[in-house]
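Please open the model in your viewer and keep the sequence panel beside it. The stops below say what to select and what to look for there.

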There are 2 protein chains.
Amino acid sequence: MSEQSTEPRPTLEAVAARAGVSRATVSRVVNGGDGVREPLVERVRQAVEELGYVPNQAARSLVTRRHDAVAVVIAEPETKVFADPFFALQLRGISKELTAHDSQLVLLLTEGRADHARVGRYLAGGHVDGALVFSLHLDDPLPGLIHGVPTVYGGRPGWIDGSRGAVYVDCDNRGGAREAVRHLVGLGRRNIAHITGALDQTSAVDRLDGFRDVMVDADPKLIAEGDFTPGGGERAMRELLDRCPDLDAVFAANDLTAVGAMRVLRERGRRVPEDVAVVGFDDMLPFTEQADPPLTTVRQDIEEMGRLMARLLLRGLDRTSSASASGGLAGAPSSVVLPTTLVRRASA
Amino acid sequence: MSEQSTEPRPTLEAVAARAGVSRATVSRVVNGGDGVREPLVERVRQAVEELGYVPNQAARSLVTRRHDAVAVVIAEPETKVFADPFFALQLRGISKELTAHDSQLVLLLTEGRADHARVGRYLAGGHVDGALVFSLHLDDPLPGLIHGVPTVYGGRPGWIDGSRGAVYVDCDNRGGAREAVRHLVGLGRRNIAHITGALDQTSAVDRLDGFRDVMVDADPKLIAEGDFTPGGGERAMRELLDRCPDLDAVFAANDLTAVGAMRVLRERGRRVPEDVAVVGFDDMLPFTEQADPPLTTVRQDIEEMGRLMARLLLRGLDRTSSASASGGLAGAPSSVVLPTTLVRRASA
DNA sequence: CGCGTCATTGAGAGCGCTCCCTTTTCGAAT
DNA sequence: ATTCGAAAAGGGAGCGCTCTCAATGACGCG
């Protein structure tokens, strides 16, 4: 372990002394320098430099009640789902945006009920300025535990009254699904099956709805439940094949599911796309491009979603602080649904 | 955005008043309750409960100089690498361990030099108690920027004097590589090739060394440089095949690389494992199990590595705080190298 | 030339908590 | 009973910073 430096870090006071000014002036300079005359600014800057002064965030937070930190809550009980790069991409987007606003990212991973209580306590404890919450399942108790903490959700939350002021960022799951299925229809496929995602998540439900929008009177036998994993895709594909040997297309709720499905198809001697066309969802590289055959899929910009979530939250925080001053002119940020695009590759 | 609660959160003072005791007593109870008589403890507990009191971390840190927070620095310039679940698993391990010690995880993602400066400043700023640093490349300037912050590295850092007190957690890359290659030799393979990882990382170098340990006088033509990605694996595999058409086995620096290599092998009509046996490294599920054929690989327990890193760091922090009192009796934690195991599947 | 006005700067009061140190309490020993 | 001493509880300083407010000085105008 690298050694611990023992000499105390310089304080505002020290900088002030060195620059021959008052604490208040140093504070002003450090926080933007408005209303301080140029020569003084320069002197203070130099003192800061020489002493290697870094503000003590704890002391600052104590008085400002801001933390310049945002919690990212990933509530994913299943370790397996962690194997998909989804979160990594979102995190990257979030991180970039937060960094640009000098905010820190506090990561809260939960699995299981006990963790929820912990996270609730943490958020309620006012340690962070806001929260970005992911992967809510329909019955998740977390939202109830979040009081008074500005929050933006990743993906449409599932509670009944879809609004309740909850702000979220999502992609157009339903529209994307429609486009995927229409594409299959356009290819002349008639027996189009769907492997759903985990139906306790709204994204899975929305994609299923999109599928049904197009296949209005689809045989229920053509719908099998998956769970967003390759394993789930395999299982569902087997069921489907057993129930409807004559299916000629599959729309899978995500790419991982599609990969699983394609494996079973190959196993059973069906050629993709000749015998069965396959469309996925997410466009998760490198899975899709390097699948065999490369996967036709619905692209959503995951990193952008993360960035947007952070941006929305930060904007909301600004509003909160300026609201009292400006009379709350700026409207509360509202949810954003990003468009999707169909990416045609070889599988359909 | 969820609404902002406006009523101020209760302070120690408020709890004290409610319980009819002094601030100091409440503080004692909140921090463990030693030296407070039972009836009082109970009264205070109840007051805390009723008021929904949560300690203000900023105020606490201000005086204790502890933050109960650890930074996790992931220095990965290449977005692509983010597509592998490696970090997600490590993070999970780290998160579990930190949670168990009531510490928070501050995630610092960097790409590019500018970010390094930012991270250096942040760490030097004493916002966290320690740091866990990943994916150091050989020329990374970050270590130089970390002064006085207890740090544990993920993977052996690459600076020349392998020690300098740096604590790290790694798996036995060299030993694992040896085992993999010996396995191939045991299979009767003679023209064994190696696709390396990104050679600016010690794990890649160590695995290459392990390869050479066994293949003492391997033809340099049988070694091609990859970068831990499927794309890199493909490229390297093509080179290898062009240079040495008679190779009968490949040891890939990681599973992703192996997947890429296998794709090229299939493309070129070589059967795995009949014509060319393939061994990977990491045992990254679900890649390995679901590869076609399922991949023989060297398993390392990634999540455990993360957990261990956190544990080492926290232990070091304890030591730091108790050192002055106990005369620094407890030894500094030292690096840990975890064993690997060969997992035999179908590819070799 | 004096006074009002505005822009700068300084002084000081806390933010909520921990921890040292003093005061009180209580039980045991004389 | 009285004293003593340890344990328990309270008082108060102060962590490093921001922010309000007062003091200072520069400057323009009557």
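This is a predicted model: local features need pLDDT of at least 70, side-chain atom pairs count only at pLDDT 80 or more; totals for chains, interfaces and linings use all residues.

Residues are numbered from 1 along each chain as its sequence is written, chains are lettered from A and ligands numbered from 1 in the order in which they are written, and side-chain values use heavy atoms, with hydrogens and water left out.

**The two chains**

Begin by colouring chain A and chain B separately. Chain B can be laid on chain A with an RMSD of 0.0 Å by a turn of 180 degrees and a shift of 0.0 Å along the axis, the superposition being by least squares on the C-alpha atoms of residues with pLDDT of at least 70 in both copies. The two copies are therefore related as by a two-fold rotation axis. The same surface serves both copies, since 100% of the contact residues of chain B recur in chain A; contact means heavy atoms within 4.5 Å.

**H4 against H4**

Next select residues 57–64 in both chains, which is helix H4 in each. Helices (H or I, at least four residues) and strands (E, at least two) are DSSP runs, numbered from the N terminus. The axes of H4(A) and H4(B) come within 8 Å and cross at roughly 145 degrees, where axes are lines fitted to C-alpha atoms, for helices over the stretch in contact, and angles run from 0 to 180 degrees between N-to-C directions. A:Ala58, A:Ala59, A:Ser61 and A:Leu62 meet B:Ala58, B:Ala59, B:Ser61 and B:Leu62.

**H8 and H9 of chain A**

Now move to residues 173–186 (H8) and 202–214 (H9) of chain A, whose axes come within 7 Å and cross at roughly 40 degrees. H8(A) and H9(A) are therefore oblique to each other (angles under 35 degrees count as roughly parallel, over 145 as roughly antiparallel, 65 to 115 as roughly perpendicular and the rest as oblique). Among the residues that make the contact are A:Arg174, A:Arg178 and A:Arg182 of H8(A), and A:Asp206, A:Asp209 and A:Asp213 of H9(A). The residues of this contact divide into 5 nonpolar, 3 polar and 7 charged.

**A salt bridge**

Which residue forms a salt bridge with A:Glu97? Select A:Arg311, where the closest N and O atoms of the pair are 3.1 Å apart; a salt bridge is a side-chain nitrogen of Lys or Arg within 4 Å of a carboxyl oxygen of Asp or Glu. The pair links distant parts of the chain, with A:Glu97 in helix H5 (residues 86–100) and A:Arg311 in helix H13 (residues 302–326), 214 residues apart.

**Backbone details**

Most residues other than glycine have a negative phi, and most peptide bonds are trans. Select A:Val272 and A:Pro273, which a cis peptide bond joins, with omega about 5 degrees; A:Pro273 lies in the loop between helix H11 (255–267) and strand E9 (277–282) of chain A. A cis peptide bond also joins B:Val272 and B:Pro273. Finish at A:Asp68, which is not a glycine but has a positive phi of about 50 degrees, and which sits in the loop between H4 and strand E1 (69–75) of chain A.

Conventions: Ala, Val, Leu, Ile, Met, Phe, Trp, Tyr, Cys and Pro count as nonpolar, Asp, Glu, Lys and Arg as charged, and the others, Gly among them, as polar.
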